[in-house]
Amino acid sequence: MPDRDDVCVLVPTYQEAETIGKVVSGFRERGFDNVLVIDGGSTDGTREVAEDAGARVVTQSGSGKGQAVREAIDRHIRQPYVLMLDGDATYRPDEADQMLEPLFEGEAEHVIGNRFADMRPGAMTRLNQIGNRIINAAFSVIHGRDLVDILSGYRAFTLESARRLPLSADGFGIETELAVECVKNGVTTTVVPITYEPRPDESETNLRPFRDGARIVFTIYRMAKTNNPLFYFGSVGTLSTLAGVLLAIYVAYEWFVASTSHEVLAIVGASAILFGVQLLMFGVLSDMIVTVNREQTRRIERIARQLGEDDSPTVDPTGQPGEVAEEPAADGGSDEAAGDGETSAD
């Protein structure tokens, strides 16, 4: 059974000197000795405070939370399980075990902490709550899976599953990208309730609601191109077709009622309809290709697992792996051996 020595607590930071010491100490007091703080070049003493609290501190080579997470996964983590959280003291160390339990039990490869299950007063502004609800609803519609709180920064996952995901986000879009890639690549994901605490008064957020929110929505839509191409191309195709139909209705009305011709508008409307229909057809074809590819990938993985089981080491009756039990010699063989021994002695 895995234990806390098999877990790396990953904390990406930038200007979190006021809270990072409390975060690191909280996990170390609960037996998590492998705490990795990867810092984005803070100038307020974040790295020094984290080191004093007992963390292993690395300065990331690039910038942004997403780049920090990718660099940590690729270069700095060796433990098979990762518990990731922000360094702003909004997530509770005493809830680490419930985050890790689905991984240890083999029930999931990726766990998301649901902040809305117990959000303390002042933990999130009303504007951010509305934005989060809209983003989660858009994710559910576009990618076909309701993960409740895809922007949660409290996550647990296996290192192996994270390294399978082609991550590229640099900033706060990393949580969104993780959620999309888990759905896209069939990584078993579960959601557990957590408590979300307000940031301490002396700690300032690095999140910009409108700018980062727009980037997250764009990321959700952009990644639909390979995960749900029917929606990606179909949404634009539908809008183009509707616009063309509305122009066609207007042109027809003007022609029959006012005897006024709008040749240019008629051409634009017809082009919009043709373009929209072509996009819809392309979306259907792309969706078929993605579906077939997923089925082939699952078939290959299933065959690989079966081959792996067939190649498992043989275990002898004494329980020693890799050894085949010797068959007892027949009576005749034993007598011959004994006879040979006697002849040699003679």
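## Close-up views of a predicted model

In the protein chain, residues 24 or more positions apart account for 74% of the contacts (heavy atoms within 4.5 Å) with a separation of 6 or more. The model is predicted: local features need pLDDT of at least 70, side-chain atom pairs count only at pLDDT 80 or more, and totals for chains, interfaces and linings use all residues. Residues are numbered from 1 along each chain as its sequence is written, and side-chain values use heavy atoms, with hydrogens and water left out.

**View 1. Overall chain and confidence.** The protein chain has twelve helices and seven strands; helices (H or I, at least four residues) and strands (E, at least two) are DSSP runs numbered from the N terminus. Mean pLDDT, the predictor's confidence in each residue from 0 to 100, is 85 for the protein chain, with 85% of its residues at 70 or more. Confidence is highest in strand S4 (residues 81-84), at a mean of 98, and lowest in helix H12 (residues 331-345), at 43. Over residues 314-346 pLDDT stays under 50, and the model has 14 contacts beyond four places in sequence for them.

**View 2. Helix H1 and its cover.** Ile20, Gly21, Val23, Val24, Gly26 and Phe27 are the buried residues of helix H1 (residues 20-28). Buried means under 20% relative accessible area, exposed over 50%, and partly exposed in between (1.4 Å probe, protein chains only). The cover over these H1 residues includes strand S1 (7-13), strand S2 (35-39), helix H2 (46-53), S4 and helix H4 (96-104).

**View 3. The largest nonpolar core.** A nonpolar core is a set of buried Ala, Val, Leu, Ile, Met, Phe, Trp, Tyr and Cys residues joined through side-chain atoms within 4.5 Å. The largest one holds 33 residues, of which Phe27, Leu83 and Tyr154 touch the most other members. Two or more residues each come from S1, H1, S2, H2, S4, H4, strand S5 (110-119) and strand S7 (189-196). H4 gives the largest share, five residues. Another core, of 21 residues, lies apart from it and includes Val69, Ile73, Met84 and Leu167.

**View 4. Thr13 in strand S1.** Thr13 is found in strand S1 and is buried, with a relative accessible area of 5%. Its side chain makes a polar contact of 2.8 Å with the side chain of Asp39. A polar contact is a pair of N or O atoms within 3.5 Å; within protein, one must be able to donate a hydrogen and the other to accept it, and residues adjacent in sequence count only if both atoms are side-chain atoms. Beyond neighbours within four places in sequence, Thr13 is in contact with residues including Ile20, Val37, Thr46 and Gly87.

**View 5. Tyr91 and Tyr154.** The structure holds eight aromatic pairs, meaning rings of Phe, Tyr and Trp (its six-membered ring) with centres within 6.5 Å; planes under 30 degrees apart count as stacked, over 60 as edge-to-face and the rest as tilted. The ring centres of Tyr91 and Tyr154 are 5.1 Å apart and their planes stand at 40°, so this pair is tilted. Tyr91 lies in the loop between S4 and H4, and Tyr154, 63 residues apart from it, in the loop between helix H5 (126-143) and strand S6 (155-158). Both Tyr91 and Tyr154 are buried.
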